[in-house]
Amino acid sequence: MCDYSLHAVQSRPARAGDVLLTGEFPNTVTRGFSAIGEPDTAVCLLPGTELAFNEDAVCDHPFAKLYPQMRFGSVGARLARSRQVNLGTNSHHDALEFANGRIVLLTKLRPGQRATVLQLPAQREIDGKPSTADQNQRSSESRKGGEFIDRPFTRA
């Protein structure tokens, strides 16, 4: 989802394969993702969306401009999964959990970084109905009392 501070910004959900750019949005105090060529449209990431940055991600750090060679602010990872933190508080919730375990709020990411949406989270329900995979699993379980039978693959 998009953070509460982006309620006045046009938005759309992320799609697999989107190339996103970190940036700031007009008339807001927050940062987030926009698609290449759509700088004024926030791209909203559902929790569990997986991303790959072109380079190691970088977040704000007070000494980053003073000592660029020291790599202050470097996250040290490229792969991330979106998640929400600080729920129940009046603060930013959208964050990325990187492969090395570090969690960074989207509003702390330095502008101008590119990331590609690798995968969207699995959905348990679509329009209030269980997904096809869930329906298939339930029908298989009900036919055999909850047990799956392993059979070798044979051609018919």
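Me: How many aromatic pairs does the structure hold?

Reply: This is a predicted model, where local features need pLDDT of at least 70, side-chain atom pairs count only at pLDDT 80 or more, and totals for chains, interfaces and linings use all residues. Residues are numbered from 1 along each chain as its sequence is written, and side-chain values use heavy atoms, leaving out hydrogens and water. Rings of Phe, Tyr and Trp (its six-membered ring) pair if their centres lie within 6.5 Å. The number of aromatic pairs here is two.

Me: Is the pair of F33 and F53 stacked, edge-to-face or tilted?

Reply: The ring centres are 6.3 Å apart and the planes lie at 50 degrees. Planes under 30 degrees apart count as stacked, over 60 as edge-to-face and the rest as tilted. The F33 and F53 pair is therefore tilted.

Me: How many residues apart are F33 and F53?

Reply: Strands (E, at least two residues) are DSSP runs, numbered from the N terminus. F33 is in strand β3, residues 31–35, and F53 is in strand β5, residues 50–53. The pair links distant parts of the chain, with a spacing of 20 residues.

Me: Is F53 buried or exposed?

Reply: Buried means under 20% relative accessible area, exposed over 50%, and partly exposed in between (1.4 Å probe, protein chains only). F53 has a relative accessible area of 5%. So F53 counts as buried.

Me: At how many degrees do the planes of F53 and F98 lie?

Reply: These rings have their centres 5.8 Å apart. The pair is tilted, because its planes lie at 40 degrees.

Me: Which strand holds F98?

Reply: F98 is buried, at 3% relative accessibility. F53, in strand β5, is 45 residues apart from F98. F98 itself is in residues 94–98, strand β7.

Me: Which residues form one aromatic cluster?

Reply: F33 counts as buried at 1% relative accessibility, and F53 is buried too, at 5%. One aromatic cluster is formed by F33, F53 and F98.

Me: Which residue's backbone nitrogen does the side chain of Q113 reach?

Reply: Q113 sits in the loop between β8 (103–105) and β9 (114–119). With a relative accessible area of 11%, Q113 is buried. At 2.7 Å, its side chain reaches the backbone nitrogen of V58.

Me: How far apart in space are C59 and L109, C-alpha to C-alpha?

Reply: C59 is in the loop between β5 and β6 (79–84), and is buried at 6% relative accessible area. In sequence, C59 and L109 are 50 residues apart. In space, their C-alpha atoms are apart by 4.1 Å.

Me: How many salt bridges does the count come to?

Reply: Side chains of opposite charge can pair when their charged atoms come close. A salt bridge is a side-chain nitrogen of Lys or Arg within 4 Å of a carboxyl oxygen of Asp or Glu. By this rule the count is seven.

Me: With which residue does R12 form a salt bridge?

Reply: The closest N and O atoms of this bridge are 3.4 Å apart. R12 lies in strand β1 (residues 11–13) and its partner in strand β4 (residues 38–44), so the pair ties together parts 26 residues apart in sequence. R12 is buried, with a relative accessible area of 12%. Its partner is E38.

Me: Is D60 buried, partly exposed or exposed?

Reply: D60 forms a salt bridge with R31, the closest N and O atoms being 2.8 Å apart. D60 lies in the loop between β5 and β6 and R31 in strand β3, so the pair ties together parts 29 residues apart in sequence. R31 is buried at 16% relative accessible area. At 36% relative accessibility, D60 counts as partly exposed.

Key: Helix = DSSP H or I, 4+ residues; strand = E, 2+ residues; numbered from the N terminus. Polar contact = N/O pair within 3.5 Å; in protein donor to acceptor, adjacent residues only side chain to side chain.
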